[in-house]
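Me: I would like to go through this model with you, one contact at a time. Please keep the answers plain.

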Number of protein chains: 2
Amino acid sequence: MLTRTAEHALRALLFLAQQPEGVLVPANRIAQATGAPANYLAKTLQGLAAAGLVRGTRGREGGYGLVVPASAITVGQVIAAFDVPSSADRCLLGDRPCSSAKPCAAHVQWQNARGAALRAMRTVRLQDLLAGVTRQLAVRS
Amino acid sequence: MLTRTAEHALRALLFLAQQPEGVLVPANRIAQATGAPANYLAKTLQGLAAAGLVRGTRGREGGYGLVVPASAITVGQVIAAFDVPSSADRCLLGDRPCSSAKPCAAHVQWQNARGAALRAMRTVRLQDLLAGVTRQLAVRS
DNA sequence: GTTAATTCGGACATTTGTATCCGTTTTCCC
DNA sequence: GGGAAAACGGATACAAATGTCCGAATTAAC
């Protein structure tokens with residue numbers, strides 16, 4: 001369902017979404033809070049930054065923060081930020097290449113099925129997952 | 001969406017579903033028809049046999065055939081036959097373990113979202129993907 | 001300025017998924 | 001019974017994902 005990297009990313013984003021507006025959290029702290037390997041999460045966060053979901057600020061008192069509100073980020077976006085450029089879709093039936101232009105007999109049905117699964121992920125926003133979570137107070141050490 | 005192994009498996013099953021009832025097809029032939037690496041597909045087919053979806057018959061004139069009709073196999077089953085025993089679901093929020101018994105705040109929402117995506121795959125049967133495919137005649141060399 | 005805290009970026013190590021190879025066993029055909 | 005065709009099953013090789021390490025570059029505090 002979720003690649004491991006995307007799962008780390010999702011946790012990190014959910015954690016950031018619980019921070020008060022404008023507060024930056026360093027990668028180390030995020031890793032500690034979400035239980036992700038710190039060094040790897042650092043890379044993952046850079047990926048999220050490249051995708052425009054978070055912004056990293058260097059230097060002392062720096063860290064990461066959401067660029068976009070949690071109501072505007074879907075799980076589908078998070079997944080999409082980490083999947084490969086999608087290997088030129090092979091035909092479900094046999095060897096030949098399969099495109100919308102020259103579809104195989106199963107093409108449309110398969111597209112529909114995949115679409116339904118993706119839609120399910122695209123319709124869930126981070127905010128939805130946080131329903132019932134009381135916004136965390138700003139507690140800095 | 002689909003792991004590569006599951007994709008091979010799905011193609012193999014769809015190919016078998018197009019065979020006339022009772023006809024066995026050797027793994028080599030399936031691999032050739034679906035464009036999968038022959039040696040690896042052999043292993044994959046053993047997995048499908050273990051899952052009870054196909055049956056392998058040894059010896060000359062042997063091969064693989066569906067155990068269950070295409071109308072009774074869902075894409076979800078094929079996926080499930082090849083994913084890991086599902087690493088004890090970690091909580092979406094933070095480090096602690098998360099279960100239905102002691103759910104985190106995001107637990108229910110996340111379960112629902114995953115459920116919707118899985119349901120989309122479970123509702124697609126192989127037969128649905130083969131709509132519009134004329135059943136292939138038995139042409140043995 | 002100097003120092004500490006932080007993101008950046010590359011190089012490397014480890015693990016897991018994918019693929020290959022080869023011998024063994026079973027079964028049919030002659 | 002002997003040979004060929006096939007599924008089994010283990011050992012190994014390759015590739016990609018995941019995780020680790022370390023030296024920059026940047027920024028704020030003092």
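Me: Which residues in α5(A) and α5(B) meet?

Reply: This is a predicted model. In α5(A), the residues that meet the other helix are W110(A), A113(A), R114(A), A116(A), A117(A), A120(A) and M121(A). Their partners in α5(B) are W110(B), A113(B), R114(B), A116(B), A117(B), A120(B) and M121(B).

Me: And by class, how many nonpolar, polar and charged residues has that contact?

Reply: The contact of α5(A) with α5(B) has 12 nonpolar and two charged residues, with no polar ones.

Me: At what angle do the axes of α5(A) and α5(B) cross?

Reply: They cross at roughly 180°, and the axes come within 8 Å. The helix of chain A covers residues 107-122. An angle over 145° counts as roughly antiparallel, and α5(A) and α5(B) are therefore roughly antiparallel to each other.

Me: Zooming out, how many residues of chain B are in contact with chain A?

Reply: There are 34 residues of chain B in contact with 34 residues of chain A. The area buried between the two chains is about 2700 Å², and carbon and sulfur atoms give 70% of that area.

Me: Which three residues of chain B supply more of its buried area than any other three?

Reply: They are R11(B), L92(B) and W110(B), which supply 20% of the area that chain B buries against chain A.

Me: How many salt bridges are there across that interface?

Reply: The rule finds zero salt bridges between chain B and chain A. The count of residue pairs in polar contact between these chains, with both residues at pLDDT 80 or more, is also zero.

Me: Which elements of chain B give two or more residues to the side touching chain A?

Reply: Those elements are α1 (4-17), α2 (27-34), α5 (107-122) and α6 (126-129) of chain B. Of these, α5(B) gives the most, with nine residues. The residues on that side of chain B divide into 23 nonpolar, six polar and five charged.

Me: New topic: how do α1 and α2 of chain A pack?

Reply: Helix α1 (residues 4-17) and helix α2 (residues 27-34) of chain A pack at an angle of about 105°, with their axes 10 Å apart. That makes α1(A) roughly perpendicular to α2(A).

Me: Which residues make the contact?

Reply: On α1(A) they are R11(A), A12(A), F15(A) and L16(A), while α2(A) brings I30(A), A33(A) and T34(A). By class, this contact has five nonpolar residues, one polar and one charged.

Technical notes:
Residues are numbered from 1 along each chain as its sequence is written. Chains are lettered from A and ligands numbered from 1 in the order in which they are written. This is a predicted model: local features need pLDDT of at least 70, side-chain atom pairs count only at pLDDT 80 or more; totals for chains, interfaces and linings use all residues. Side-chain values use heavy atoms; hydrogens and water are left out. Axes are lines fitted to C-alpha atoms, for helices over the stretch in contact, and angles run from 0 to 180 degrees between N-to-C directions. Helices (H or I, at least four residues) and strands (E, at least two) are DSSP runs, numbered from the N terminus. Angles under 35 degrees count as roughly parallel, over 145 as roughly antiparallel, 65 to 115 as roughly perpendicular and the rest as oblique. Contact means heavy atoms within 4.5 Å. Ala, Val, Leu, Ile, Met, Phe, Trp, Tyr, Cys and Pro count as nonpolar, Asp, Glu, Lys and Arg as charged, and the others, Gly among them, as polar. Buried area is the accessible area (1.4 Å probe) that two parts lose on being put together, summed over both. A salt bridge is a side-chain nitrogen of Lys or Arg within 4 Å of a carboxyl oxygen of Asp or Glu. A polar contact is a pair of N or O atoms within 3.5 Å; within protein, one must be able to donate a hydrogen and the other to accept it, and residues adjacent in sequence count only if both atoms are side-chain atoms.
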